[in-house]
Amino acid sequence: MNNLDVIKKHDESVVNSYARFQLAEERGKNATCYDFDGKKYIDFTSGIGVNSLGFCDEGWIKAIESQLHRIQHISNLFYTLPSTEAAESLVKLSGLKKVFFANSGAESNEGAIKAARKYSFDKYGGGRNKIITLVNSFHGRTITTLAATGQDVFHNYFFPFTEGFEHAKANDIGDLKSKLDGSVCAVMIELIQGEGGVLPLDKAYIREIAEICKENDILLIADEVQTGVGRTGSLFAYQQFGVLPDIVTSAKGLAGGLPFGAVIFGEKTEDVFKPGDHGSTFGGNPISAAAAAYVLSRMTPEFLDEVKKKGEYMTGRLLKMPQVKGVAGMGLMLGAELCGLSSADVVRAAFRHGVMILTAKQKLRFLPPLTITYAEIDEGLHALETTLSEMQEV
Ligand SMILES: *Cc1c(COP(=O)(O)O)cnc(C)c1O
C-alpha cells in the first residue's frame with residue numbers, strides 16, 4: 001500500500017471531521033518516521049505533544065509489553081499495580097496529594113471542573129459554581145470543556161452549552177478581578193496557551209491569580225494537558241511559575257502515546273471525590289498506566305535540563321532564519337511567528353522537504369519528542385530553512 005491507497009480507503013469509511021494532510025505515516029523511531037511511500041520525515045509534532053519519548057522507545061515498549069502479558073484491564077472495582085505506581089510518581093513529582101485517572105485531556109478537565117464545583121458545594125452550598133477561564137484558551141471538545149474554552153469559534157451548533165463559565169482577558173488582572181463576584185469557585189488556566197498560539201502567560205500575573213485564589217478560597221486549576229510531563233523543561237510548567245495549583249490536569253504526553261489522563265489534587269481537594277462521585281471504565285487502564293509510570297521514570301532532572309537546552313538551541317536556530325520574526329514558548333513547546341507567510345502554507349510545503357511541523361493560529365508550532373537528538377533537530381530545521389527560502393522566492 002502507498003500513501004494514496006491508505007488515504008482513499010480511509011476516507012471511504014471514516015468521518016471527515018479533520019482537515020487531514022494527505023500523508024500516512026507507517027513507522028518511526030524517535031523523531032524520525034517514514035510514510036507509506038517510503039519517504040523520510042523529521043517529526044516536530046510528536047502526535048501533538050503525545051509521543052514524549054518519540055516513536056517506539058525501547059524501554060517504553062518493554063514496560064507496555066510486560067504488562068500486556070499480565071493483565072490488560074480489570075475495572076476500577078479492583079486494585080492494580082501500574083496505576084498505583086503512576087499515581088505515586090505523579091504525587092511525588094508534582095508536590096500534590098492524590099490522583100484520579102481519566103483517558104484524555106478533555107476528560108481530565110471535566111474531572112477537575114466537577115471536583116471544583118463539588119468542593120464549593122460541600123463547603124458553601126449551591127450557587128458558588130462559576131469557573132473563570134481565559135480568552136483564547138483551549139480546554140477540550142466535550143460540551144462542558146468547549147464552554148470552558150475561551151474562543152468563540154468553538155461556541156457554535158451544539159447548543160445548549162454547559163452554564164457557569166466566564167472568560168477573562170489573559171494577562172489582565174483587572175479584568176479577572178472584575179469577574180470575581182462571589183459566585184466563582186475556580187479559575188482554570190493554561191500556563192502557556194497552546195492551541196491559542198503558544199502564548200506563555202506572565203509570571204507576575206499567574207502569581208497574582210494564585211494569591212487572589214488563596215485569599216478567597218477559589219480553586220486554581222492548571223490545565224497542563226499540553227504543557228505537562230516535561231514539555232517545558234520541568235515536569236509541570238507551574239513549577240517554573242512559582243505557584244502550586246489546587247488541581248492540575250495532565251494527558252497528552254503522560255503515557256507517551258497511549259490514551260491516558262490524570263487529575264491531580266492538592267491538599268484542599270484531595271478528598272472531594274467520594275465513592276460514586278466520579279468514575280471512568282478505562283480510567284487507570286493498566287497498559288496505559290504502565291506506560292505512564294515508565295514515562296515518568298524517565299523525567300529525571302538531567303532529562304528535563306536537556307529539554308531546556310534543546311529548546312534554547314532550537315530557538316536560537318529559528319531566530320537566525322530571516323523569515324522568523326520571533327519565537328515564544330518554553331522548553332520544547334515553541335511557537336515561531338513568521339514574516340508575512342501563512343503558517344499552514346509553510347507546514348504543507350515543509351512535508352515535501354521531509355519535516356513535520358504544527359501550526360497554532362498564525363505561528364509554526366514545535367512540539368518534538370522530548371528525546372529528539374541534536375542530529376534530528378538539525379536535519380528538521382535544515383528542511384525548514386530550505387522550505388522557507390523557496391517560499392520567499394515565490
Ligand atoms: C489538547 C488539549 C486538551 C484536550 O485534550 P484531549 O485529549 O484532546 O481531550 C485540553 N487542554 C489543553 C491545554 C490541550 O492542549
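Domain bounds here come from an automatic or database domain assignment. The model is predicted: local features need pLDDT of at least 70, side-chain atom pairs count only at pLDDT 80 or more, and totals for chains, interfaces and linings use all residues. Residues are numbered from 1 along each chain as its sequence is written, and side-chain values use heavy atoms, with hydrogens and water left out.

**View 1. The two domains.** Domain 1 comprises 3-56 + 301-393. Domain 2 spans 71-297. Their C-alpha centres are 27 Å apart. Contact (heavy atoms within 4.5 Å) joins 26 residues of domain 1 to 27 residues of domain 2.

**View 2. Buried area between the domains.** Buried area is the accessible area (1.4 Å probe) that two parts lose on being put together, summed over both. Domain 1 and domain 2 bury about 2,100 Å² between them. Carbon and sulfur atoms carry 62% of that area. On the domain 1 side, Met 330, Met 333 and Lys 361 lose the most area to domain 2. Together they make up 32% of what that side buries.

View 3. A salt bridge is a side-chain nitrogen of Lys or Arg within 4 Å of a carboxyl oxygen of Asp or Glu. One salt bridge is counted between domain 1 and domain 2. Glu 195 pairs with Arg 365 in a salt bridge, with the closest N and O atoms 3.0 Å apart. Polar contacts are pairs of N or O atoms within 3.5 Å; within protein, one must be able to donate a hydrogen and the other to accept it, and residues adjacent in sequence count only if both atoms are side-chain atoms. Between the domains, 11 residue pairs are in polar contact (both at pLDDT 80 or more).

**View 4. The ligand site.** Residues count as near if one of their heavy atoms lies within 4 Å of the molecule. Those surrounding the ligand include Ser 104, Asn 109, His 139, Glu 190 and Asp 223. A backbone N or O atom of Ala 106 lies 2.8 Å from a ligand oxygen atom. For Phe 138, a backbone N or O atom is 3.3 Å from a ligand nitrogen atom. Lys 252 places a polar side-chain atom 2.6 Å from an oxygen atom of the ligand.

View 5. The salt bridge count comes to 18. Lys 130 and Glu 166 form one of them, their closest N and O atoms 2.8 Å apart. Lys 130 sits in strand S5 (residues 130-134) and Glu 166 in strand S6 (residues 165-168). The pair links distant parts of the chain, 36 residues apart. Strands (E, at least two residues) are DSSP runs, numbered from the N terminus.

Note on methods. Helix = DSSP H or I, 4+ residues; strand = E, 2+ residues; numbered from the N terminus.
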